[in-house]
Amino acid sequence: MDRKIAVVTGASRGIGHAIAQQLKEDGFFVVGTATSESGVDKVKEALADQGTAIVLRQDDVESCDGFIKAVAELGPVSVLVNNAGITRDNLMLRMKQDDWDAVLNTNLSGVYRICKGFLKPLMKQRGGRIINISSVVGSMGNPGQANYCASKAGIEGFTRSLAVEIGSRNITVNAVAPGFIATDMTEELSDEQRQVMLNNIPLGRYGDAKEVAAAVSFLASDASSYITGQVIQVNGGLFMG
């Protein structure tokens, strides 16, 4: 079947859900992931006949290998969006080793495993887009999120390095770094934390997941063919580095 396939990890809610919907509207057959069967059902329902979903745990090597094989049966992938991630917030003095390991293993090592699995097919077809979802806190830091910030800063370094390695194969590698986006994950923050963040956003409002999806849509398009190794900030001016 002649179709463009886009993979979006963590597509059952929030930013991942918005990205999957946007790429569907852009004409891609979207393969979304979730960590549970109920999440997979939610993604399948949202994508209808223009996509599917598969259970994936990015902290598990066997799950990643099985996912890559399952996608290969659907056809060649044109766009890979690494969005899945977790948080285990705590101040460093109280942060447990398990919390550090879980976040780094899922958010950073998971991106490594997924990218590595799709790399040979992308290089063989001599073209494609890899888009990694980072976060503004990977650049500016955030108290109580040393593990999460480290994972996102690592993603940005990984993005630049991979862009250099595979650029000659016509594969672009970029990152999108959302700021304070209104999702169910940010709803877990306290009112005080949300207000402090809002006070520091020049545009004076929270971002919408669709605004992040729009940046991903651009990077997945032919219009971005000469852009690689970049981190696109979508943060309302919260960080301007």
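**Charges, rings and a helix face**

Reply: Start with a charge over a ring. Arg 3 lies over the face of Phe 29, at 4.0 Å from the ring centre. Keep in mind that this is a predicted model.

Me: Noted. And Lys 4, which ring does its charged end sit over?

Reply: The ring of Phe 28. The charged end of Lys 4 is 4.4 Å from the centre of that ring.

Me: Switching to ring on ring. How many aromatic pairs does a search of the whole structure find?

Reply: Two. Phe 67 and Phe 118 form an edge-to-face pair, with 6.2 Å centre to centre and 80° between the planes.

Me: Where do Phe 67 and Phe 118 sit in the chain?

Reply: Phe 67 is in helix α3, residues 61-72. Phe 118 is in helix α4, residues 97-125. They are 51 residues apart, so the pair links distant parts of the chain.

Me: Buried or exposed, Phe 67 and Phe 118?

Reply: Both Phe 67 and Phe 118 are buried.

Me: Now Phe 180 and Tyr 206. Why is that pair edge-to-face?

Reply: The planes of Phe 180 and Tyr 206 are at 65°. Over 60 degrees counts as edge-to-face. The ring centres of Phe 180 and Tyr 206 are 4.7 Å apart.

Me: What parts does the pair of Phe 180 and Tyr 206 tie together?

Reply: Two loops. Phe 180 lies in the loop between β6 (171-178) and α7 (191-199). Tyr 206 lies in the loop between α7 and α8 (209-220). The pair therefore ties together parts that are 26 residues apart in sequence.

Me: And burial? What are the values for Phe 180 and Tyr 206?

Reply: Phe 180 is buried, at 8% relative accessible area. Tyr 206 has 30% relative accessibility, so it counts as partly exposed.

Me: On to salt bridges. How many does the structure hold?

Reply: Two. One joins the side chains of Asp 59 and Arg 57, at 2.7 Å, N to O. Asp 59 is partly exposed at 29% relative accessible area. Arg 57 is partly exposed at 44%.

Me: Which residue does Glu 211 meet in a salt bridge?

Reply: Arg 205, at 2.7 Å, N to O. Glu 211 has 32% relative accessibility and counts as partly exposed. Arg 205 is partly exposed too, at 40%.

Me: Last topic, α2. Which of its residues are buried?

Reply: Helix α2 spans residues 37-47, and its buried residues are Gly 39, Val 40, Val 43 and Leu 47. Seen down the axis of α2, they fall within an arc of 100°, so they line one face of the helix.

Me: What do the buried residues of α2 pack against?

Reply: Three elements: α1 (14-25), β2 (29-34) and β3 (51-55).

Me: Which exposed residues are on the face of α2 turned away from its buried side?

Reply: Glu 37, Ser 38 and Glu 45.

Technical notes. Residues numbered from 1 in each chain as written. Predicted model: local features only at pLDDT ≥ 70, side-chain atom pairs only at ≥ 80, totals over all residues. Heavy atoms only, no water. Phe/Tyr/Trp six-rings, centres within 6.5 Å; stacked < 30°, edge-to-face > 60°. Helix = DSSP H or I, 4+ residues; strand = E, 2+ residues; numbered from the N terminus. Buried < 20%, exposed > 50% of the residue type's maximum accessible area, 1.4 Å probe, protein only. Lys NZ or Arg CZ within 6 Å of the ring centre and 35° of its normal. Salt bridge = Lys/Arg side-chain N within 4 Å of Asp/Glu carboxyl O. Arc of directions from axis to C-beta. Contact = heavy atoms within 4.5 Å.
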